[in-house]
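Here are some notes to read alongside the model, written as numbered points.

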Amino acid sequence: MEDYTFTDLSKTREELLSGSVSATSLTNLYLKRAAEGDRFNAFLEVFHDSALTAAKRLDDKIASGQPVGKLAGAIVGIKDNMCYQGHKVSAASKILEGFESVFTATAIQRLIDEDAIILGRLNCDEFAMGSSNENSAFGPVKNPINEDLVPGGSSGGSAAAVAADLCMVSLGSDTGGSIRQPAAFCGLVGVKPTYGRISRCGLIAFASSFDQIGPFTKSVHDAELVYQVMAGRDAMDATSSSKSVHESPSTKEKFTFAYYDEVMNSPGLHPRTKELFIQKLDALRAAGHEVISTSFPYLDHLVPCYYVLTTAEASSNLGRYDGVHYGRRSEASEDIPTTYFNSRTEGFGAEVKRRIMLGTFVLSSGYYDAYYSKGQKVRRLIKNATDEILKKADFIISPTTPHPAFKMGEKANDPIALYLEDIFTVQANLSGNPAITIPMGTTDDGLPLGVQLFGRSFDEATLFRAASLI
Amino acid sequence: MEVNDKTIDKLSDLSRLIFDGEERDNIKRDLDKMLVFVDKLNSLDTDGVDPLVYMTEETLQLRKDEVGKELSPSEALKNGPSHDSDYFKVPKVLDK
């Protein structure tokens with residue numbers, strides 16, 4: 001059992017049904033890996049007892065010949081910002097110290113209903129704010145491919161755990177690239193579904209009009225499977241869409257891919273990223289697809305627009321952490337105001353405080369129109385321009401990140417440099433479109449790079465099909 | 001727009017956050033940098049553009065107003081840092 005090699009979820013499910021492995025032995029194996037093999041600080045906690053209980057229930061089902069779910073045997077890690085009843089969740093923040101979920105996130109419940117086994121919760125940037133996983137109150141996550149490097153963020157633990165075989169698949173959340181960038185840095189497939197596709201009920205909010213849950217996997221096929229189980233209308237999230245999840249993909253043999261001239265000419269683009277990306281475009285042309293270049297005039301406005309709007313939403317969403325209703329209260333609380341001030345000041349980390357302050361500024365009287373409304377207008381321009389491009393092309397294609405994973409500490413003192421990490425990923429969150437990253441090759445020293453496809457809203461089916469074609 | 005002490009005072013009060021000493025210098029510097037960064041948006045002409053407020057194109061659907069499975073008082077209170085069986089507790093509000 002020790003040397004069990006995971007290939008894909010459908011194979012694991014077949015092995016279970018044929019009796020060559022049991023859910024209990026698989027769960028024990030992964031519990032051991034997560035406990036002993038986690039040199040990367042990926043897991044904050046393993047859910048030992050509930051994982052084994054779920055495994056036993058699944059083994060009993062199989063033994064008694066009952067039908068089993070689509071995710072039978074899937075050993076899943078979840079980002080530490082998703083609620084799972086009776087288990088701790090902290091958003092990697094001190095302010096939620098001791099907090100235990102009183103209900104289960106819809107996305108997690110749908111996985112459990114299909115017989116997935118939830119192995120534990122995974123480290124991330126505090127409140128999902130960051131692009132390097134260096135902002136966790138529980139220490140940074142290391143990249144399993146090279147431990148001197150960051151795994152990307154904010155879902156860095158989710159990426160590291162799958163890359164290091166500590167779980168089979170994991171969930172992350174993506175507000176500006178927090179699934180796709182770490183997936184690219186760790187050589188994985190990562191998906192940000194269309195806004196509204198997967199219920200946010202039970203996801204700790206960062207920026208509510210941007211956040212989406214999505215999977216980290218080793219194959220496009222697994223990503224689609226996990227996505228399909230989670231996707232679809234949920235009465236508990238009014239912004240979740242009623243559109244059918246199981247639409248058939250476009251049967252077109254040849255697709256049109258658009259890339260941006262501005263990306264090709266971007267000075268921040270690593271030479272190897274550019275080289276691999278050009279090779280990818282050539283391969284698409286050679287396979288008969290159409291590749292067109294287009295101009296996207298808002299490339300430099302994407303990240304500023306994202307920061308105005310997400311910090312505004314975050315400052316409002318994080319108002320609920322008051323040292324009264326949940327989590328941690330400062331010992332120095334003497335009255336109501338000092339309870340609020342001290343609990344928040346002691347509980348939040350520096351990056352979260354920076355964003356709350358900027359968000360408060362852009363929403364404050366006198367600056368609201370100049371910053372917040374302006375941001376919403378620019379978001380409209382970005383969405384319109386995106387829709388126009390996706391009328392003439394099936395997909396927008398770009399590198400997922402400008403360069404491979406960087407050294408820990410390299411960008412820690414420069415928030416703006418870190419913000420620019422998201423330059424190719426934020427557009428999908430600003431416009432709401434679905435996007436996927438898949439591995440595109442490595443640098444000479446073996447660091448993975450990803451290519452991103454970005455498709456029409458609510459047409460994930462075609463996005464997955466194209467991702468498996470290329 | 002320059003970030004001065006008065007700005008920091010106002011924002012930290014609204015945010016219920018305290019910035020003292022070195023942290024105060026840091027947040028002043030960082031906020032200044034961030035504002036310069038987001039000022040880039042002003043290079044775009046947005047006259048006559050409707051702000052994009054809601055990302056959902058479907059009409060939001062309300063649930064029926066029915067009594068459902070709710071949290072029990074003990075579940076709702078259990079994560080509070082200080083509570084009794086019925087209420088969250090806070091430090092004294094009024095002095096004698």
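1. A definition to start with: two residues are in contact if their C-beta atoms, placed from the backbone, lie within 7 Å. Leaving aside neighbours within four places in sequence, Asp165(A) is in contact with Phe6(A) and Arg33(A). Asp165(A) sits in the loop between α5 (156–163) and β4 (169–174) of chain A. Helices (H or I, at least four residues) and strands (E, at least two) are DSSP runs, numbered from the N terminus.

2. Some ground rules. This is a predicted model, in which local features need pLDDT of at least 70 and side-chain atom pairs count only at pLDDT 80 or more, while totals for chains, interfaces and linings use all residues. Residues are numbered from 1 along each chain as its sequence is written, and chains are lettered from A and ligands numbered from 1 in the order in which they are written.

3. On confidence, the model scores ipTM 0.95 and pTM 0.97. Chain B has a mean pLDDT (the predictor's confidence in each residue, from 0 to 100) of 91, and 98% of its residues reach 70 or more.

4. Asp165(A) and Asp38(A) are 127 residues apart in sequence, yet 9.6 Å apart in space, C-alpha to C-alpha.

5. Please look next at the open sheet of chain A. Its 11 strands have the order β1-β3-β2-β4-β6-β5-β10-β11-β9-β7-β8, with mixed pairing; two strands pair if DSSP finds at least two bridges between them. At the edges are β1 (43–46) and β8 (290–294) of chain A, each pairing on one side only.

6. Strand β7 (residues 256–260) of chain A pairs with β8(A) in the parallel sense over 5 bridges. There, Tyr259(A) stands opposite Ser293(A) in β8(A).

7. Strand β5 (residues 189–192) of chain A is worth a look from both sides. Val189(A) and Val191(A) point one way, Gly190(A) and Lys192(A) the other, and all are buried. With strand β6 (residues 212–217) of chain A, β5(A) pairs antiparallel over 2 bridges, and Val189(A) stands opposite Thr217(A) in β6(A). With strand β10 (residues 435–442) of chain A, β5(A) runs antiparallel, joined by 3 bridges; Gly190(A) stands opposite Thr437(A) in β10(A).

8. Now the interface: 56 residues of chain A are in contact with 39 residues of chain B. On the side of chain A that touches chain B, α13(A) gives the most, with 11 residues. By class, that side has 23 nonpolar, 19 polar and 14 charged residues. Here Ala, Val, Leu, Ile, Met, Phe, Trp, Tyr, Cys and Pro count as nonpolar, Asp, Glu, Lys and Arg as charged, and the others, Gly among them, as polar.

Definitions and conventions
Buried ≥ 20, exposed ≤ 12 C-beta atoms within 10 Å, placed from the backbone.
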